[in-house]
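Biologist: I'd like to learn how to read a model like this one. Could you walk me through it, one feature at a time?

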Amino acid sequence: MPNWLYQRLGDRLFSLSIVILASGVIVAALLVFWVLYRGSQEAFATFGFWGFLTGSRWDAVRGMFGAWPPLLGTLITSAAALFLAFFPALATALFVVEFSGGRLREVVAYLIDLLAALPSVVYGLWGIFVLVPVVRAYVELPLFSWAAAHAPGLLPLLGPPTGIGLLSAILVLALMIVPYASALARDALALVPQSQREAMYALGATRWEVIRRVVIPYARAGIFSGVVLALARALGETMAVTMLIGNSVNLPYTLFGPAATMASLIANEFTEAEQDLHLSALIAVGFVLLLIALLTNLVATWILGRMSHGEGRK
Amino acid sequence: MSLRRRYFRDRLMQLLVYLGTLVVLLPLFFILYYVFVQGIGALNLEFFTREPAPPGEAGGGMLPAIVGSLVVDLLALFFAAVFGIAAGILLAEYPDHPLNPFLRLVSDVMAGLPAILMGLVAFVLVVKPMGHFSGLSGAVALALIMVPIITRATEGVLKLIPWEITEAGLALGLPRWRVISSLVLPAARGGILTGLMLALARGAGEAAPLLFTAFGNPFLTLNPLEPMDTLPLKLYVYAISPYEDWHRQAWGAALILAAAIMLANYLARRATRTGGQPR
């Protein structure tokens with residue numbers, strides 16, 4: 001092989017093929033956006049973008065599609081799951097970094113990561129056959145009968161105590177997003193320099209005071225972005241929620257009663273959608289979900305970039 | 001604040017941290033326990049070697065779903081590896097390339113997107129033009145999920161390979177492409193394989209994007225142009241069905257899935273600990 005062929009042409013060809021394949025990734029991402037955008041046009045043209053978002057009736061038979069019920073369902077489940085998951089997630093991160101060492105630390109870290117690795121359908125299966133009966137028998141029925149006897153005004157908020165509904169979905173969702181918040185918090189806590197802790201101990205602080213005043217403030221960027229990433233997970237989580245939430249697009253949503261999220265609505269109805277408008281409305285729901293997920297991820301990146309400035313984070 | 005109160009608060013918070021950890025780990029143990037105990041009872045020869053029984057009848061197995069999982073997941077891994085590894089090489093070995101800022105942004109954004117959206121995209125791009133559901137469209141959806149994982153892992157490992165290796169190769173008069181393909185990539189092989197394994201583990205557990213792409217198929221097929229079943233898909237269908245025997249088999253599928261994914265993660269973790277790999 002002549003030298004120029006080996007040197008020049010080889011390099012050209014190699015870098016060209018790498019660039020072409022890598023641009024394939026960019027093209028794929030743009031395609032995701034474009035496909036969802038195009039697919040949702042029919043629904044937006046029929047109901048208007050804001051009309052679609054705020055329409056509170058989703059009725060495939062009548063051809064009425066308003067995304068407010070699933071949008072609200074997504075917001076409720078994600079916010080509630082995040083609220084439930086935040087302190088346990090922070091606790092696990094603190095446990096791994098501050099309160100354990102050696103073998104125990106490794107095992108607990110592995111177990112937390114395992115929570116993220118387990119497939120969504122497995123959570124759903126466990127939820128249906130183990131969690132739902134427990135929630136129904138020990139949480140919903142007692143609360144329901146107490147409310148029926150003492151505070152009938154609460155009943156419309158509670159809804160039917162069947163076990164399948166918002167509450168079960170929220171509980172499983174909370175468990176599923178813990179590892180995402182925990183992992184980032186753990187990394188951030190581990191990056192806090194030992195000298196910072198030692199300085200505080202030298203001043204006579206207790207362990208908790210060191211954590212509260214030094215470690216957590218130092219790591220707050222990582223903790224916050226972990227929270228936002230966990231939120232992004234919760235927004236898009238599909239299978240476990242679909243299996244537990246009861247899939248009803250009728251407002252108003254109650255704590256125990258069935259509901260729907262954007263992801264669960266798509267999972268549930270897409271294969272059955274026959275009219276073009278119905279398909280388009282479901283893709284439009286996907287497009288809205290895409291916008292929300294994009295926004296959440298950008299916020300997480302922004303927090304991590306902005307808050308870590310000037311804090312000596314590597 | 002008195003010393004006693006400060007000590008008390010210290011103890012209290014320690015207790016709360018332990019409790020919080022327990023609150024997370026207990027459900028995990030319960031899940032693993034139920035998956036193992038319920039799943040082990042469902043595993044027998046029939047489970048691995050038979051096609052599913054008609055609805056309501058006892059017996060039958062998961063053969064089409066197991067085979068389908070292998071076909072769809074490996075096909076997806078192949079697509080994703082071709083593009084993802086190339087993107088990782090571009091990011092790490094050509095750091096000044098003008099595409100890189102976009103590439104990095106795009107792969108970060110893709111990694112955070114809900115998996116079900118990839119299913120919608122694969123439906124519009126593959127299922128609609130073909131006119132029917134197919135294993136191929138499922139593989140495309142899963143590949144979209146896997147690509148950012150592989151890109152990130154590949155970039156991470158390649159950056160860990162000392163720059164001196166590249167310089168040494170160039171000093172010997174090797175062209176750039178030989179340096180990358182014969183020096184840098186072999187040195188990073190373990191890490192890249194780890195990334196592929198993690199991507200496979202992630203994709204293998206997904207059911208959401210397959211609902212309206214691979215769709216499911218009770219008959220054994222090796223042809224990815226036909227609808228195919230995968231384990232997570234079958235698990236979902238069986239779990240929400242009203243049949244006792246299908247529930248039993250769903251637990252069996254959960255056990256196999258969980259075991260496979262735990263194994264893949266464990267291997268990836270061990271590989272990361274022993275060699276010069278990312279993180």
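Modeller: Let's start where the chains meet. In this predicted model, 69 residues of chain A are in contact with 71 residues of chain B. Contact here means that the C-beta atoms of two residues, placed from the backbone, lie within 7 Å.

Biologist: Which helix gives the largest share of the side of chain A that touches chain B?

Modeller: That's helix 1 (residues 3–47) of chain A, with 21 residues. Helices (H or I, at least four residues) and strands (E, at least two) are DSSP runs, numbered from the N terminus. By class, this side of chain A has 51 nonpolar, 16 polar and 2 charged residues. Ala, Val, Leu, Ile, Met, Phe, Trp, Tyr, Cys and Pro count as nonpolar, Asp, Glu, Lys and Arg as charged, and the others, Gly among them, as polar.

Biologist: And the numbering and confidence rules?

Modeller: Residues are numbered from 1 along each chain as its sequence is written, while chains are lettered from A and ligands numbered from 1 in the order in which they are written. As the model is predicted, local features need pLDDT of at least 70 and side-chain atom pairs count only at pLDDT 80 or more, whereas totals for chains, interfaces and linings use all residues.

Biologist: How do I read two packed helices?

Modeller: Two numbers do the describing: the angle between the axes and the distance between them. Axes are lines fitted to C-alpha atoms, for helices over the stretch in contact, and angles run from 0 to 180 degrees between N-to-C directions. Take helix 4 (residues 102–117) of chain A and helix 1 (residues 3–40) of chain B: their angle is about 60 degrees, and their axes are 10 Å apart.

Biologist: What does that make the pair, in words?

Modeller: Oblique to each other. Under 35 degrees counts as roughly parallel, over 145 as roughly antiparallel, 65 to 115 as roughly perpendicular, and the rest as oblique. The crossing of these two helices is left-handed; that term applies if the near helix is turned anticlockwise from the far one by less than a right angle, and right-handed if clockwise.

Biologist: Is A169(A) buried or exposed?

Modeller: A169(A) counts as buried because it has 30 C-beta neighbours inside 10 Å. The cut-offs: buried if 20 or more other C-beta atoms lie within 10 Å, exposed if 12 or fewer, partly exposed in between, with C-beta atoms placed from the backbone. A169(A) lies in helix 7 of chain A and touches T77(A), V241(A), L244(A) and I245(A), leaving out residues up to four places away in sequence.

Biologist: How much of chain B counts as buried?

Modeller: 50% of its 279 residues.
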